Amino acid sequence: MSKDSNLLDQVFCARLTDASIPAEVITGIFSNISSIYLFHHQFLLPELQTRITQEWSCNPRIGDILQKLAPFLKMYGEYVKNFDRAMELVSTWTQRSAQFKSVVQNIQKQDVCGNLTLQHHMLEPVQRIPRYELLLKDYLKKLPAGAADRKDAENALELISTAANHSNAAIRKMEKMHKLLEVYEKLGGEEDIVNPANEFIKEGHLKKMSAKNGTAQDRYLYLFNNMVLYCVPKLRLMGQKFSVRERIDIAGMEVQENVKQNVPHTFTIIGKQRSLELQARTAEEKDDWIKVIRATIEKHKQKSETFKAFNISCSRDDEHTPDTPGPSSSMSTCEIDGAPHERKSSKKREKERETCKGCSETFHFTKRKHHCKNCGAAVCGKCSKVSESKNIRMCKQCSELLQGAEGTAGGSTEPKKKLEKQLSVAQSSQRTGKQTSTQVSLVVTSVT
């Protein structure tokens with residue numbers, strides 16, 4: 001581990017810094033590899049080496065050291081979390097920066113790299129924690145039940161196993177990416193398949209049955225989570241290569257099992273782009289292809305349905321989102337004249353803002369738009385009145401309500417005072433942009 005972290009920190013990182021690659025890019029790629037290197041170089045490895053080479057005869061144990069230092073292994077968590085972003089940065093800067101690409105390639109040619117890529121060496125710190133986990137498991141298997149080191153070793157294993165779970169997830173992602181790169185190279189770099197959304201599932205040789213004369217031709221199939229690549233083998237001196245004849249989407253695909261006496265082990269793939277009648281070498285191989293392809297189709301359907309349901313849910317939420325935030329945004333209905341009114345869609349609200357509440361005519365240059373100071377409705381001059389007592393413009397409905405309150409039976413001034421107070425609050429709130437449907441409901445229901 002010390003060698004790998006030293007290579008990343010002291011060679012790759014240092015050379016790229018000297019080449020004036022931006023500091024934020026180098027940090028984004030190598031994360032906290034310097035801290036990891038120092039931890040191993042100055043603490044973990046020296047202590048283990050001293051214990052094994054100098055102290056083992058009188059103190060044969062390593063569990064106490066690993067338990068003591070296990071909490072520091074959390075620094076690997078930061079490196080693992082950044083791993084996907086680091087891979088993306090390496091890929092992006094290799095394509096966009098000739099200087100970056102040149103420095104990395106020159107280092108990879110050196111003996112110290114062992115003909116391995118930067119990405120491979122970046123994976124080493126991620127693999128380190130699972131290796132410590134395996135080491136401790138093997139150590140505990142061989143440790144006697146009553147050994148003094150058992151308890152410390154078990155505690156250390158528990159701490160390290162937690163960190164190993166995160167590392168294993170990153171390793172699986174990297175292995176998938178390596179497989180995509182391998183397929184990409186076999187296809188001569190012609191297909192854009194190196195994408196985190198693509199997942200390799202199965203590959204293999206099959207025979208393609210000709211519809212014209214029934215002859216069988218050698219073909220090669222790559223199955224991914226979202227497509228099938230139908231390929232023709234190419235003769236090459238250096239490794240097997242293929243050229244893609246057709247890319248067939250998994251969406252809308254069907255698989256049919258063929259039963260033919262003269263041509264055994266055949267099945268048909270029916271896709272949007274084209275259909276293929278294929279022949280496997282054995283019945284088991286045929287069944288396996290059919291099973292895997294059908295499972296891939298079903299999984300793709302489930303993901304598509306989940307995505308559609310999510311989009312529909314989001315669309316409904318958008319339609320019911322209030323125009324302006326505030327207390328009224330949490331209300332699904334409001335009371336007007338004692339009747340519940342559902343919240344309207346954004347298009348309907350926009351239309352209502354452009355037309356008069358009273359006569360429903362569209363506002364224009366000569367037909368000016370006013371707002372009722374009580375309920376906030378858009379009204380024209382003919383459909384609104386100016387209250388003489390309050391000197392504010394209101395729609396006819398609110399104006400009539402105010403007049404009704406002023407003429408309440410028995411000459412009592414309480415309803416009038418109460419309504420005027422609510423109108424005053426509503427008017428003040430509207431000036432500060434805080435008019436709510438709750439206030440409208442209070443004003444209207446108080447006089448009904």
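Author: A pocket is an open set of points on a 1 Å grid over the protein atoms alone where a 1.4 Å probe fits, with protein on both sides within 12 Å along at least five of seven lines. The model is predicted, local features need pLDDT of at least 70, side-chain atom pairs count only at 80 or more, and totals for chains, interfaces and linings use all residues. Residues are numbered from 1 along each chain as its sequence is written, and side-chain values use heavy atoms, without hydrogens and water.

Reader: What volume does the second largest pocket have?

Author: Its lining, meaning residues with an atom within 4 Å of a point, has 37 residues, and Ser91, Gln119, Met177, Leu181 and Val194 lie nearest the centre of the pocket. Taken as the space filled by probe spheres set on the points, the volume of the second largest pocket is about 1,300 Å³.

Reader: Which element gives the most to the lining of the second largest pocket?

Author: Helices are DSSP runs (H or I) of at least four residues, numbered from the N terminus. Those that give two or more residues to this lining are α6 (83-96), α7 (98-108), α8 (118-142) and α9 (150-186). With ten residues in the lining, the element that gives the most is α9.

Reader: How many residues of that lining are charged?

Author: Asp, Glu, Lys and Arg count as charged, Ala, Val, Leu, Ile, Met, Phe, Trp, Tyr, Cys and Pro as nonpolar, and the others as polar. In the lining of the second largest pocket, 15 residues are nonpolar and twelve are polar, while the number that are charged is ten.

Reader: At what angle do α6 and α7 pack?

Author: Val90, Trp93, Thr94 and Arg96 in α6 meet Ala98, Phe100 and Lys101 in α7 (heavy atoms within 4.5 Å). By class, this contact of α6 with α7 has four nonpolar, one polar and two charged residues. The axes of α6 and α7 are 5 Å apart, and the angle is about 110°.

Reader: Which residues of α8 does α6 meet?

Author: The axes of α6 and α8 lie 11 Å apart at an angle of about 170°, and the two helices are therefore roughly antiparallel (over 145 degrees). The contact of α6 with α8 has eight nonpolar, one polar and no charged residues. From α6 come Phe83, Ala86, Met87 and Val90, and on the side of α8 they meet Leu118, Gln119, Met122, Leu123 and Val126.

How values were computed. Axes are lines fitted to C-alpha atoms, for helices over the stretch in contact, and angles run from 0 to 180 degrees between N-to-C directions. Angles under 35 degrees count as roughly parallel, over 145 as roughly antiparallel, 65 to 115 as roughly perpendicular and the rest as oblique.
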